[in-house]
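Hello,

Here is the structure we spoke about, with the sequence alongside. My notes follow below; please read them with the coordinates open.

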Amino acid sequence: MTIAQFITSTPRRFVYACIGTAIAAPLLVALPHALSSYWQSVLVIFTLNAIMIMGYRLITTMGGWSFSHVATAGLGAYTTAILMTLEVPWSFWITLFLGAGIAGLFALLIAYPVLRTRHYYFFLSTFAAGEALRQGYIQFKGITGGGFGIAFIPRPEGFLGIDFDTTMGFYYLALTAALIIWLLLYRFDLSRLGRTIKAVAANEELSESIGINTWGHRTLPFVLGSVIAGFAGSLSANFNGTINPMDFGSILMFKLVAAAIVGGVSTFFGPILGLLYLTALEEAFRTWAEWVPLLWGASVIAVLMLWSGGLEMAVIRGFKLLKAFLLNRNSNHSAKTLDS
Amino acid sequence: MTILEVNNIEKKFGKLVAVKDISVTIPEGQIRGLIGPNGSGKTTTFHLISGFLKPTSGEVKFRGARITGKAPHRIAKKGLVRTFQLTSVYRDMSVRENVHMGHHIHAGRTTSETEQNSKFPSVSSIEDSTSWILEFMGLSSESEAPARMLPAGMQRVLSIATALAVRPKLLMLDEPLAGLNPTEKSNVAQKISSLRDHGITILLVEHDVRSVLSICDQITVINFGEKIAEGNADEITSNPSVIEAYLGKAESYNA
Amino acid sequence: MQILANIVFLSSFYLSFAVGLALVFGVMRTINFAHGEFYMLGGYALWLLTGVLSNNIPDGGTFIIAMLVGAGVVGTLGMLVQLSLFERLKEQPFSIFMATLGLSYVLQVIVVKTIGPMGRSVPAIFPGFIMFEGAILPIQRIVVLGFTVLMMAGLWYFLMRTDLGRAVRATAQNKTGAMLQGISMGRIALTTMFVGSALAAISGTLMGSVLMIGPFMGGEALWRAFIIIIVGGIGSLSGTVVAALLFGVIDTLMTAFGVGKFTAMVDAIIMLLVLSFMPSGLLGARE
């Protein structure tokens, strides 16, 4: 469509999102200055995980809860790691996009068998595919360094006066990537394509019968979400400097899935809220680190049993209550009932 | 002209032959009923024609073009749209959003690209078309309600409305009257009849033989995966094989 | 011959681990992600009881007691999970999956905190080996195989010859029909979870006698069980047997030919191929 059409068709919510981002961005940029270097690292890792979970949420909009997401991120990570530790290292930017592309390609390859499945079969088959990929990382020692992984991955070259060798410098890179991806994905979510994907997830049969290519509308988010994972993986490799197969194992995958459940996936920000919660829990229990998976697991069970809707629902209800309260103060009527 | 031509389709599931050999020809503008006892292969035939199952042999032609084995969404784009048994609506969307969704294939198209049914409004304004369909099907008063809140009869009407949004030339209705009370049935039946006046050919599968006899111009009867009779209401009710197929089951259709 | 023996050993391991999962999936249409942890608890039952009883009771006795205790405790645990989680989330099988995923981590951490994260091993209960046709067959493994066969025979007998077992099968084939027959779904669910979990524990006890026991041993084996179930087909126990055999053969042969490091990938690729062309698995019923 033409630029004019694109602008006029831009949903209002996206405009608000852009404005909100413009306001928040300077705050986010300034944030690390107030933090110790430990917390700066935590912030960077959180930002990278946020990128990964945005990709994950995209996949859930087509109705599938993938368990191969983190292993696929590993493809981006290993691409960067391998190519940047060669005798003649490749440029970071090329490995970044190449890694994301390879991740997407993997998703495309497994899409046919895996997207024939639904619900827990989808979970199981992506789980198995992801695990096989991870076994590949372990077994192909020659390329991937096997169980020891790859070390001495360099940071990208700085530019515009920013030094990516420092945590704060790298944070700017990660934050920029996260904000760009956030805006792109949110716009996508609000677009007709995004809505059609959700319609297909809501009722596949019906969608097919009204002329929607359901196969395409399920494959696209799966591949795109995996590309995003590839980006996150690549950046993680650069940040950590070393990678090994354990980094892309089930604990991180569980964290993502748990964040999505605890936060909820109906809204875009739900999973990120969940991630905040889980990360906060993790940091609060640093000294009893072994308990953390239990707390995460218990949180998941608690949300499923007691509070369906997740944190996003709590936030939305909170806003509604606030709105009703504020409106109420201007009238003499007794408390209004909330429409749910 | 012939809008649908089904030639000798067969469907086997391993050793089980669900549809043995069925041939049907439907002229444009007709309301055709497809009836048969439980397990006769009606729904399977429906799936075979609309692309949700692939026939093991035989061919299906829609407006002269072969559609055998094509993906259902491609068939829908050509103008053959079907509804489903057990309601098929987007439960969490509003009635209006449901019908709006039905226009999916028309987005971005101009009037000249889609063959327009002159009795329906143009699809160049999806908003207008949605409002028109809601009005036509009697759903305007509920247009903002979530689809899942509607009573069964209205959900059924909604699924037909959504199908209309696609602008079908042939509309296939899978048991549109199942599970409805008599008032709802007569309402839906009336809507179906009026569709024909808007130039849409209808093929419907139904259990309620009485309703079929009153709505349909022509009726095809199948049993055990084969066609056993074809004709208008009088011919069918006096056909001995049909009577035999339904022997002992007549009571259930009097309810 | 050695290869044949290894095939038999490996297949029987895969089968014993996967069968409980397949049973629960086939009857209740839900995956118990904590199945791996139930298996792990069975292994720890052996380790704990060996520590406690080894001076008083011959090792063989301890072995059997561990199996029974493990089966009983874990089976009960399975029933508790059914009552608390599954009942609550009955309408959302996917949530059950997620909840059991959470549970698996809870169980892992509990074990790590109470017993410790290090792997343990149990001294051989039946040490030594016999030579047969040029193959070295450790006696312990033969014993494990024997008990596996016994376990499968017991399961077969239960499902085929007892009323309760038949009711379970009926539910797996046609839930509504079973309900109309007056079969209590609550009872079936409890029974299935008990049996499926107990089977996991017995498998854990058996394998604990030959493998390393650790808090994460369940998680490491689980994905293969998933592959076996998918390839075998939903709701089909005979499919599980066939798939376990298939992968036992493939994995053993690959290891024998020196390409053992590819087993995970090959297994996954086979699963993907089966899903591409036979989405209901080799012997699965249509959903």
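**Helix packing in chain A**

In this predicted model, helix 4 (residues 69-84) and helix 5 (residues 92-114) of chain A pack with their axes 8 Å apart, at an angle of about 145°. The crossing of helix 4 of chain A past helix 5 of chain A is right-handed. From helix 4 of chain A, the residues in the contact are A:Thr72, A:Ala73, A:Leu75, A:Gly76, A:Thr79, A:Thr80, A:Leu83 and A:Met84. Helix 5 of chain A meets them with residues including A:Phe92, A:Leu96, A:Gly99, A:Ala103 and A:Phe106. By type, the residues of this contact divide into 12 nonpolar and six polar, with no charged residue.

**Chain C against chain A**

Between these two chains, 34 residues of chain C are in contact with 34 residues of chain A. On the chain C side, the elements giving two or more residues are helix 4 (93-114), helix 9 (217-232) and helix 11 (263-277). Helix 4 of chain C provides the largest share, 15 residues. The chain C side of the contact is made up of 25 nonpolar, five polar and four charged residues.

Helix 4 of chain C can also be checked for length. With 22 residues at 1.5 Å a residue, helix 4 of chain C should span 32 Å, and its end C-alpha atoms lie 31 Å apart, which agrees.

**Helix 3 of chain B**

How many of the eight residues of helix 3 (residues 95-102) of chain B are buried? Seven are, so this helix is largely enclosed by the rest of the structure. The buried residues are B:Val95, B:Arg96, B:Asn98, B:Val99, B:His100, B:Met101 and B:Gly102. Their cover includes helix 9 (192-202) of chain A, and from chain B itself helix 4 (126-136) and helix 5 (152-165).

**Confidence**

For the complex, the predictor gives an ipTM of 0.89 and a pTM of 0.87. Chain C has an average pLDDT of 85, with 97% of the residues scoring at least 70. Where pLDDT is low, the predicted coordinates should not be read in detail.

Regards

Technical notes
Residues are numbered from 1 along each chain as its sequence is written. Chains are lettered from A and ligands numbered from 1 in the order in which they are written. This is a predicted model: local features need pLDDT of at least 70, side-chain atom pairs count only at pLDDT 80 or more; totals for chains, interfaces and linings use all residues. Axes are lines fitted to C-alpha atoms, for helices over the stretch in contact, and angles run from 0 to 180 degrees between N-to-C directions. Helices (H or I, at least four residues) and strands (E, at least two) are DSSP runs, numbered from the N terminus. A crossing is left-handed if the near helix is turned anticlockwise from the far one by less than a right angle, and right-handed if clockwise. Two residues are in contact if their C-beta atoms, placed from the backbone, lie within 7 Å. Ala, Val, Leu, Ile, Met, Phe, Trp, Tyr, Cys and Pro count as nonpolar, Asp, Glu, Lys and Arg as charged, and the others, Gly among them, as polar. The expected span of a helix is 1.5 Å times one less than its number of residues. A residue is buried if 20 or more other C-beta atoms lie within 10 Å of its own, exposed if 12 or fewer, and partly exposed in between; C-beta atoms are placed from the backbone. pLDDT is the predictor's confidence in each residue, from 0 to 100.
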